[in-house]
Structure formats: C-alpha cells, structure tokens
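Please read it alongside the sequence and the coordinates.

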Amino acid sequence: MKYTSTRNTEIEINAAKAIKKGISDEGGLFVPAEFPPIEKREWEALIQADYKKRAVAVLSRFLTDFTIEEIESCTEAAYGGGFRHRATAPLMRLEENIHMLELWHGPTCAFKDMALQMLPHLMRTAAKKECDGRKTIVLVATSGDTGKAALEGFRDEPGSEILVFFPNEGVSPLQKLQMTTQEGGNVGVYGVRGNFDDAQTGVKRIFTDPEMLQKLARNGMAFSSANSINWGRLVPQIVYYLSAYCDLIANSVIQNGDRINAVVPTGNFGNILAAYYAKKMGVPIGRLICASNKNNVLTDFIRTGKYDRNRPFYATSSPSMDILISSNLERLLFELAGRDSNEVNRLMDALTEAGSYTVTPEMRRALQTEFAGGWCDEAGTAQAIRDTFRREGYLMDTHTAVAMHVCRAYRRETGDSTPAVVVSTANPYKFPASVLEAFEGDFGGLDEFEKLEELHRLSGWLVPEPLGSLRGRTPRFTAICGRDEMSRMVCERLGLV
C-alpha cells in the first residue's frame, strides 16, 4: 500500500514514512492509494471476533509494510488492558433503532484514546523501519480531548518529545487539569491566547517553517503530529465503525448487508471521515450525518457546497467542536475532486487567502449523496441531555447530546428510520458543569469536583477514576503564549538555536 498527498499526487511513500512524517512537506495530508474492500467471506469471522482482532483486520490492509506480528503487537499494547470495558467500544441500545457507540472507556475518558493509545506504538515501529536515527518531536493542537490522550499515549515514549498547545480559555476545567497535571519527562503543555483555530494555525505554521525545519535537522530531530492529520491517528478510527456494525449483527439487531446510518459529532472532521473510509471499505453505512454545535460551518458546507470560516466564533458547552477550520475536510475534498490535487490546492489557497471556498457542482452532488448535516444550539444540547436521561436513564456529555439532537431532527425531517449509530465521544463527567445545568440550572457555587459529586448524586452514574483522581493535584504546566509566540516556546523547550 502506497500513500500520496492531497496536494501533490506525484508523491508515493509507504505507511511507515507517512506515519512518521505526519504531514507532507508542502502541507498536504497523506491518503492511501486505495481502500481495500472487506470480502464477503471475511464478515462471519469479524462478527465473531473481539475488538483487537477487528483492529488487526483493518490495520493490516493499510499498513502493508508492517508485519502481521508488528500489527498484533501494537494492537495488544493499545487495547490489551487500558480500557475499562471488556468490549473496548461497546454499543448500547437506546430508543428504537438508535444505538450509542461509547468510545470513552479508555484512560482519558474520551474517544481520542481509541487512536492515541495505538499511535505511539505505530510511530515507534515506523521509526525503526525508517532508521534515520532522529528524535521525533510530536506537535499537537487540541480543542480539549486530543491533548490529554496524546500526552498519555506518548508519555516517556523513548525517542520522542510531545508538545501540546490548547486554547487557554477554550477547554473545560477538567480537560485543562488533565493536561496541565500530565506526568512524564518528555511532555510540554502550553495554553494559547485565542481559540482552537489559533492554536491549530500556529502548529501548522511551525510544521512548514523552513527555518524551524533546519534547526530541527541540525539537532537530529524531526516533527510529527498526533492530530488526525496523521494517517496513523486516523486509521485506527476506521475500526470502531466496522466493530459497531459487527456488534449490531451479533446482537441480532440487523442482518449482514443491512444498512445503518452513522451520526457523528465533529469539529475537525476526522471522526466522521473515518466512517466515510469504513464505508469505502464496504461497511454498509447509508447516510453519514455530521452533527455540529453553534459553530456550524460544516453544516452549511454540506448543505450549500460553500465553506466559509468568515463568521462569528462561539464558545459553547461542547468545546471540542468549537472549530471553524476543519483540517481533515481536505482529505474528503481530495476524494470528491476525483483525487485531483490541483483542485485541492485551489480550494486550500482560497481558504487561506479569502477564508472561504466553493466546490464545483459535481463535488457538491457527490458530497450530498453521502453526507447530511445538522446543528444544535445550547438549549437543544441541554434538552437532549435532559430528555435522554429522563426517558432512558442514559447520561450524555454535551458533544454526544449534539449528535443525539441532530439524529432525532434528521429522522423527523426525512422519515429515515434506518438503524442509527450515534457516536458518543466523551464521558459525561468530563463536562460536569454543563451536564448539571441541563438538569437543574446554575451550580456556580460548587467547585469542579463538587459538581462531579452532585452529578453522581443526581444520576447514580459512577465517577470514572481518571477524573476523580485529579482532585487536589497541582498543575505542572502554567505557560501561556500568543499564536505568534508558539515557535519560540518550541525552540526553548527543545533547546534549538
């Protein structure tokens, strides 16, 4: 399997190099040459398999320069003991024909663990194959959950250093505490004045800065990414869509070959892109329903074909989706354009220069054939949390609530009653203030851990140990910088001159 770049199809590299580099030199994203189909004869074994075996089946199709023993070793290290549920990504049935795919049973209580428990092992294996002897510097921009999951995954990983930038006022208190109290000798964490797009733009600028790259080379270092722009981060996400489909068959909800819909809360587009890739491999997904919060740039794009980040930015109760520049959308544009890198460059240049672009009519039709889009305001988010708990006894975080609201609205508007898998991206205790407010209004007099206790009292749901154990911990990292100061922070941390 070879990989090319969304911005230069003359590039052809193997999986190990794509994972180690993270992003192409000209700023494009690596994509596989093809999406190997799952053959009919393979489905029965996959239905009977556990999550680890399903992961091996998917990864072995894309990482063909890795041995099967290497893939099995990476998979065992990722999913062999760090998840609190034996199914790793369990599927819970709620109201009729709606099932919740819980992706938050890992060590940081968020869906990013599904990939970031895997990525360090893939990257270490890739580094051995590349044999260039350089230290890997992992740069991360996060809207909340990626940061902690990446820090935990790369903590004290030999031959690597990880630096995480997050919007200082744009994450929940627990998300911030998870990151700023991170242990490990090879980690650094920085708050950024501004929103996630500021942090993400700053990291991208560092990745492609010729002077910075020269400094790294002189010091025997090379950048990589743990964001979903890295193929090694994205490919493990394909697994849980295949796994959910297998579980629906195993639980006699559907028969093999029946279609399902996937409803995905997303800001940077990686999570729903993985569902699209699973569909291209043969998982029978009908509609890919993209759920946004008030920052509904993706909803507008799906409905009109115009992507326009020139709009107000809203800080919402679902902060991991407070994004106006969706990096992984570039990979979808590459497919919609018939893998025409010239067209992708045209669109990305327009986004940089004018803040917007419009796809061709043919691309828009292809987009709307696969995707539907919807969004949810703050009142709708709170109502979804409240109504779902009262009807089903099921407690959702704010991001999952956005997806549930959009799912119900889509079914009402279209009459499409296809079994739906709603992707649940975080444990509700990661956002206790917002979840509590959905039940009983303002709890401003309580600190964050008293809110955890109050939410436990109201719901009966257990507080996960990784969050409860943060109580009383003092932050290690307190540095705050502007977007234009991020390069200096990297140089100081790494001792670059």
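## Pockets, cavities and sheets

About 380 Å³ of space lies in the second largest pocket. Its lining consists of 17 residues, and those closest to the centre are K21, D25, R134, A222 and F223. The elements that give two or more residues to this lining are α1 (15-21), α10 (210-218) and β9 (221-225). By class, the lining of the second largest pocket divides into eight nonpolar, two polar and seven charged residues.

This is a predicted model, in which local features need pLDDT of at least 70 and side-chain atom pairs count only at pLDDT 80 or more, while totals for chains, interfaces and linings use all residues. Residues are numbered from 1 along each chain as its sequence is written, and side-chain values use heavy atoms, with hydrogens and water left out.

The spaces were found on a 1 Å grid over the protein atoms alone: a cavity is a set of points where a 1.4 Å probe fits but cannot get out, a pocket is an open set with protein on both sides within 12 Å along at least five of seven lines, and lining residues have an atom within 4 Å of a point. Grid points are joined across faces, edges and corners, and a volume is the space filled by probe spheres set on the points. Ala, Val, Leu, Ile, Met, Phe, Trp, Tyr, Cys and Pro count as nonpolar, Asp, Glu, Lys and Arg as charged, and the others, Gly among them, as polar. Helices (H or I, at least four residues) and strands (E, at least two) are DSSP runs, numbered from the N terminus.

The largest pocket holds about 580 Å³ of space. Of the 23 residues that line the largest pocket, R7, K204, I325, M348 and T352 are the closest to its centre. Three helices, α9 (196-207), α14 (329-336) and α15 (341-354), each supply at least two residues of this lining, and the lining as a whole has nine nonpolar, seven polar and seven charged residues.

A search of the whole structure also finds three cavities of 30 Å³ or more. The largest cavity is lined by 24 residues, of which F111, K112, S143, N268 and S320 lie nearest its centre, and both α11 (231-250) and α12 (270-281) supply at least two residues of its lining. The second largest cavity is lined by residues including L139, A141, K204, N227 and N268. Both β6 (135-141) and α9 give two or more residues to the lining of the second largest cavity, and the largest share, four residues, comes from α9. The table sets out volume and lining classes for these two cavities.

| Cavity | Volume | Lining by class |
|---|---|---|
| Largest cavity | about 260 Å³ | seven nonpolar, 15 polar and two charged residues |
| Second largest cavity | about 60 Å³ | five nonpolar, five polar and one charged residues |

Turning to the sheets, two strands pair if DSSP finds at least two bridges between them. An open sheet of three strands has the order β2-β1-β3, with antiparallel pairing. Its edge strands, each pairing on one side only, are β2 (8-13) and β3 (30-32). Strand β1 (residues 3-5) pairs with β3 in the antiparallel sense over three bridges, and S5 stands opposite F30 in β3.

An open sheet of six strands has mixed pairing and the order β4-β5-β15-β10-β11-β14. The edge strands here are β4 (91-93) and β14 (371-375), each of which pairs on one side only. Strand β11 (residues 285-292) runs parallel to β14 and is joined to β14 by five bridges, with C290 opposite G373 in β14.

Helix α13 (residues 297-304) packs against helix α16 (residues 361-370) at an angle of about 115 degrees, with their axes 8 Å apart; axes are lines fitted to C-alpha atoms, for helices over the stretch in contact, and angles run from 0 to 180 degrees between N-to-C directions. Angles under 35 degrees count as roughly parallel, over 145 as roughly antiparallel, 65 to 115 as roughly perpendicular and the rest as oblique, and α13 and α16 are therefore roughly perpendicular to each other. In this packing, F301, I302, R303 and T304 in α13 meet R364, L367 and Q368 in α16, where contact means heavy atoms within 4.5 Å.
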